[in-house]
Amino acid sequence: MSDNSIVKKVTTQTLQQMKKDGEKITMLTCYDYSTAKIIDQAGIDAILVGDSLGNTMLGYSTTLPVTVDDMITYGASVVRGVKRAFVVVDMPFGSYQGDPRLAVKNAVRIMKETGCQAVKIEGGREIEESYKSILSAGIPIVGHLGLTPQSVNKFGGYGLRAKGSEEAQILLENAQRLQEYGCFCVVLEKIPARLATEVTQTLSIPTIGIGAGNQCDGQVLVYQDMMGISDMAMPKFVRKYGNLGEYMAKAVSEYVSDVKSGGFPSEQESY
Ligand code: KIV
């Protein structure tokens with residue numbers, strides 16, 4: 001796809017039609033302009049500016065310290081790099097829970113100041129009023145169920161969710177509720193594949209899985225994980241498609257040795 005070709009933007013309707021047509025939806029996280037441009041041109045359907053940027057870009061050990069301002073800075077830079085892909089921005093911890101008026105205020109800010117097409121929030125019935133108030137402002141929402149990292153302290157870690165039948169039933173009911181509220185899509189994170197399949201078959205809106213088996217309507221991975229940039233231990237659902245960390249380290253060490261030896265810049269690289 002060349003830079004000046006006419007590109008048809010992916011919308012909420014496109015993603016819903018993909019589910020109807022049985023076409024898988026591809027989604028990656030992304031947090032910056034340069035990477036957004038590359039992955040958009042490579043044909044990704046949707047980009048999530050995840051609050052995982054707290055880990056990948058800001059070096060926090062959880063997503064909890066991420067602010068609305070952080071999401072706006074990174075979200076706006078991604079939107080500037082994208083022509084085709086659908087862009088959704090996460091609402092960070094504390095920006096939508098417990099106060100529906102604050103939720104809609106923050107969602108409106110994120111939409112206005114980033115130019116994204118939707119927001120994503122974590123949770124089910126317990127944040128029903130936040131879902132409803134944001135949706136009432138005409139803002140599309142991607143719900144997020146299963147392992148919701150903003151609740152890491154409640155869960156006591158990042159383990160598999162909804163293993164037992166009680167939690168699985170609650171998750172299924174919550175997924176149905178999110179569809180009833182008017183969410184156009186749901187992310188299912190780290191739950192048994194069988195449960196994700198049941199949710200996917202029950203809902204008419206698309207499900208996007210991460211660690212939720214291959215029967216979801218689409219898949220999402222964190223870019224740094226799938227590209228091999230992150231040096232952290234990876235959960236088994238991450239497939240590594242690149243070794244960028246090693247490639248970058250090699251390029252930097254070659255640069256260091258060229259500068260140290262006086263081999264860079266050459267005469268041709270000088271004025
Ligand atoms: O923040 C994020 O990257 C996410 C994905 C893991 C779904 O929420």
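This is a predicted model: local features need pLDDT of at least 70, side-chain atom pairs count only at pLDDT 80 or more; totals for chains, interfaces and linings use all residues.
**Around the ligand and into the core**

Residues are numbered from 1 along each chain as its sequence is written, and side-chain values use heavy atoms, with hydrogens and water left out.

Polar contacts here are pairs of N or O atoms within 3.5 Å; within protein, one must be able to donate a hydrogen and the other to accept it, and residues adjacent in sequence count only if both atoms are side-chain atoms. A ligand oxygen sits 2.5 Å from an N or O atom in the side chain of Ser52. For Asp51, the corresponding distance to a ligand oxygen is 3.1 Å, and a polar side-chain atom of Asp90 also lies 3.1 Å from an oxygen atom of the ligand.

Tyr31 is found in the loop between β1 (25-29) and α2 (33-41); helices (H or I, at least four residues) and strands (E, at least two) are DSSP runs, numbered from the N terminus. With a relative accessibility of 1%, Tyr31 counts as buried (under 20% relative accessible area; exposed is over 50%, partly exposed in between, with a 1.4 Å probe and protein chains only). Not counting residues up to four places away in sequence, Tyr31 touches several residues, including Gly50, Leu53, Met57 and Val222, where contact means heavy atoms within 4.5 Å.

Now for the interior. In soluble globular proteins, nonpolar side chains tend to be buried together. Here the largest nonpolar core has 57 residues, and Ile134 and Leu188 have the most contacts inside it. Such a core is a set of buried Ala, Val, Leu, Ile, Met, Phe, Trp, Tyr and Cys residues joined through side-chain atoms within 4.5 Å. Its largest share, six residues, comes from α8. A second, separate core of 17 residues includes Val142, Cys185, Val187 and Ile208.

Finally, what about the rings? The structure holds three aromatic pairs, meaning Phe, Tyr or Trp rings (six-membered for Trp) with centres within 6.5 Å; planes under 30 degrees apart are stacked, over 60 edge-to-face and the rest tilted. The rings of Tyr131 and Tyr181 have centres 5.7 Å apart and planes at 40°, so this pair is tilted. Because Tyr131 lies in helix α6 (residues 128-136) and Tyr181 in helix α8 (residues 165-181), the pair ties together parts 50 residues apart in sequence.
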